[in-house]
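Open the model in your viewer and get ready to click along.

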Amino acid sequence: MASSQALIDKAKNREFYQNFWRTDLLNTIKSDPGYWCFALWCSPCASYLLRKRALYGDMRRYKCCAGYMPCSGRCGESRCPEFCLATEVCCCFGTSVSSTRFLLQDELNIKTTKCDNCIIAFMVVLGYLACLCRILAVVTGDDEIEELAHVLTCMSDTVYYSVCACMQTQHKIELDKRDGKFGPMTVPPVQQMSRLDQPYAPTVGYPPSYGAPPPYGQPPPPQQGYPAPGYPPAGGNYPPGAYAPAPAPGNWR
C-alpha cells in the first residue's frame, strides 16, 4: 500500500516539472518517420535500445522496469542485465516503454502535455473496453457482441502499437536532445535522478567524470551537458538542447 501511494505521489509530482518533450506525440511521425516505422515494426528492439541509451550504455546500472516496479532489483539484473532487459521488453513491452518514459521524465524534469495524456488515456481505455467486451461475448455467447469485441480488439491493437511507436520516437528525439545532437551544450553541476524515495525532482546537470559505475539513478556524464541556470525563458519556449532546472522544493506543494 505504501509503495502504491509512493507511485501515485510521484506521478502527481511530475505535473510540476518545468520542461516539455521536444516533440509531442502528434508530431513524432513528422519529426522522425524512419524511427517511427522502426519502433512500429520492431517494437521490442526499439525499447531495448532506448533503455540502454537512457542508461548511457552502462548496463551495470540497469534495473528491471527502471526501478519503478516491485520486481525491480529482484530479478538478478546485476548478473545478466542484457538478458533481463531483453526479457522485459519481450514479456512486458508496455511496461518497458512506460518505464523508460518515467526514467527520462524524472531525469530531465519533463512533464507530459495534456494532449499526450489524452492520447495515452484513450489507448488505455480502448484496451479496457475491448477486454470487457470480449469477456461479455464469452459469457453471453451473443454473436453480435462477439463481432463487436473483435472490432474493438483490432482497433485497440492498432491504437496501442501506433501510440507506443509514437512514444518511443518521442523518447529517441529527447535522447538526441539530451546527448547534444541538436547543438553544443555546456557541462553543469551534479544531478541525482528523482526516484520513488525522493519527494522532489532534482536539479538539472551531470557530473564531469566518473570511474566506477555511479549509484543507480545518478547518470554518468555525457560529453555534453545542459545550460547554466537562467531558464525557463519567457513563455516557456526552450531552445534546442536546453532544460529548465526543477523548482525549489517549497514550490512543489
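Start by selecting Cys 91: this residue is exposed, with a relative accessible area of 62% (exposed means over 50%, buried under 20% and partly exposed in between, with a 1.4 Å probe and protein chains only). Before moving on, note that this is a predicted model, where local features need pLDDT of at least 70, side-chain atom pairs count only at pLDDT 80 or more, and totals for chains, interfaces and linings use all residues. Residues are numbered from 1 along each chain as its sequence is written, and side-chain values use heavy atoms, leaving out hydrogens and water.

Next, select Cys 65, which is buried at a relative accessible area of 3%. How far is its sulfur from the closest cysteine sulfur? The distance is 3.7 Å, to Cys 64, too far for a bond. A disulfide here is a pair of cysteine sulfur atoms within 2.5 Å, and the count by this rule is zero. Back at Cys 91, the nearest cysteine sulfur belongs to Cys 92, 6.0 Å away.

Now colour helix α7, residues 114-140 (helices are DSSP runs of H or I with at least four residues, numbered from the N terminus). Its buried residues include Ile 120, Met 123 and Leu 126. Show α6 (93-108) and α8 (143-178) too, as they are part of what covers those buried residues. Just after α7, find Gly 141, with a positive phi of about 75 degrees.

Technical notes
Helix = DSSP H or I, 4+ residues; strand = E, 2+ residues; numbered from the N terminus. Expected span 1.5 Å × (residues − 1). Contact = heavy atoms within 4.5 Å.
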